[in-house]
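Student: I have a structure open and would like to go through some of its residues. Can we take them in turn?

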Amino acid sequence: LYERGYNRVYDTLEMEANLRDTNDLIGSVLTDWERDRPMSSHELNRAFGERLVANEMMPSILGCAYERDVPVYVPAFTDSELGLDIATFFLNDANAASRADDLDAFFNPIPNFQPYRDLYDFAKRLMSAKRVGIFTIGGGVPRNWGQQISPFVEIMNMRLGTEFSIPRIRYAVRICPEPVHWGGLSGCTYSEGVSWGKFIPPSEGGRFAEVTTDATIAWPLLIRAALERKRRLQG
């Protein structure tokens, strides 16, 4: 597959040529980005979504998120094709190829990417919400990142002397095939998350549902059910 120009992600295939087309879109956005303006994943994704809408490259996830003002965070940003494309863009912009014999010089300058802009933006949204709910598909870094604002606010209160209300998660649904007995964080149940102060205990009104299955099985069923319910309510 690799030799024929395909990328395999689980049971799906993506042509490398499509990723190169994506890189062209990314380059067009970064060319217009102010050089001194810091970047974060949700700000970049909003800019990409805006460009997708403007170029009538719809439907797309980022385009729809832009139209509805929904932020899209990518916690492990450099662990993605998007992150590598942006790194390559700035290396090319700095004419790094002329310094290929010196790795220290080659990987300089570093893009003005600030992941704490994502953390702070997400924290402000949750701290301003009346109630917090979470729907998690799968595991890994995004699953844990999306649940860490409660401990973050609690740490701030303890170490900075602030008195913020801690935005613990009241409602939660998770679809993940990772079992608990392997001991990995992606198998961490919501009941265990209560011990970290991330969730409101069921005794205090917390409501959790966990489905131990592959998302490609459960997610389409939930979407179909939600659409049918919406249709009945509108009818």
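Student: Where is Asn157 found?

Tutor: This is a predicted model, in which local features need pLDDT of at least 70 and side-chain atom pairs count only at pLDDT 80 or more, while totals for chains, interfaces and linings use all residues. Residues are numbered from 1 along each chain as its sequence is written, and side-chain values use heavy atoms, with hydrogens and water left out. Helices (H or I, at least four residues) and strands (E, at least two) are DSSP runs, numbered from the N terminus. On that numbering, residues 149-160 are the place of Asn157, that is, helix 8.

Student: Is Asn157 buried or exposed?

Tutor: Buried means under 20% relative accessible area, exposed over 50%, and partly exposed in between (1.4 Å probe, protein chains only). Asn157 has 17% relative accessibility, so Asn157 counts as buried.

Student: Which backbone oxygen does the side chain of Asn157 reach?

Tutor: Contact means heavy atoms within 4.5 Å, and Asn157 touches Thr162, Glu163, Phe164 and Ile166, not counting residues up to four places away in sequence. A polar contact is a pair of N or O atoms within 3.5 Å; within protein, one must be able to donate a hydrogen and the other to accept it, and residues adjacent in sequence count only if both atoms are side-chain atoms. The side chains of Asn157 and Thr162 are joined by such a contact of 2.7 Å. The backbone oxygen reached by the Asn157 side chain, at 2.9 Å, is that of Phe164.

Student: What is the distance of the polar contact between the side chains of Tyr73 and Arg125?

Tutor: Tyr73 lies in the loop between helix 3 and helix 4, and at 16% relative accessibility Tyr73 counts as buried. Residues touched by Tyr73, not counting those up to four places away in sequence, include Ser41, His42, Phe122 and Trp145. The Tyr73 side chain has a polar contact of 2.4 Å with the side chain of Asp121. With the side chain of Arg125, the distance is 3.2 Å.

Student: How far apart are the end C-alpha atoms of helix 2?

Tutor: The expected span of a helix is 1.5 Å times one less than its number of residues. Helix 2 (residues 41-54) has 14 residues and should therefore span 20 Å; this agrees with the distance between its end C-alpha atoms, 20 Å.

Student: Which helices do the buried residues of helix 2 pack against?

Tutor: The buried residues of helix 2 include Ser41, Leu44, Ala47, Phe48 and Leu52. Their packing partners are helix 1 (16-32), helix 3 (61-67), helix 4 (81-93) and helix 6 (116-127).

Student: Which element gives the largest share of the nonpolar patch?

Tutor: Patches are made of residues with over 30% relative accessible area and no salt bridge: like charges are joined within 9 Å, nonpolar side chains (Val, Leu, Ile, Met, Phe, Trp, Tyr) within 5 Å. A salt bridge is a side-chain nitrogen of Lys or Arg within 4 Å of a carboxyl oxygen of Asp or Glu. Phe135, Ile137, Trp219, Leu222, Ile223 and Leu227 form this surface patch, with about 510 Å² of accessible area together (Shrake-Rupley method, 1.4 Å probe; for residues, only the protein chains shown count as cover). Strand 3 (133-137) and helix 10 (215-234) each give two or more residues, and the largest share, four residues, is from helix 10.
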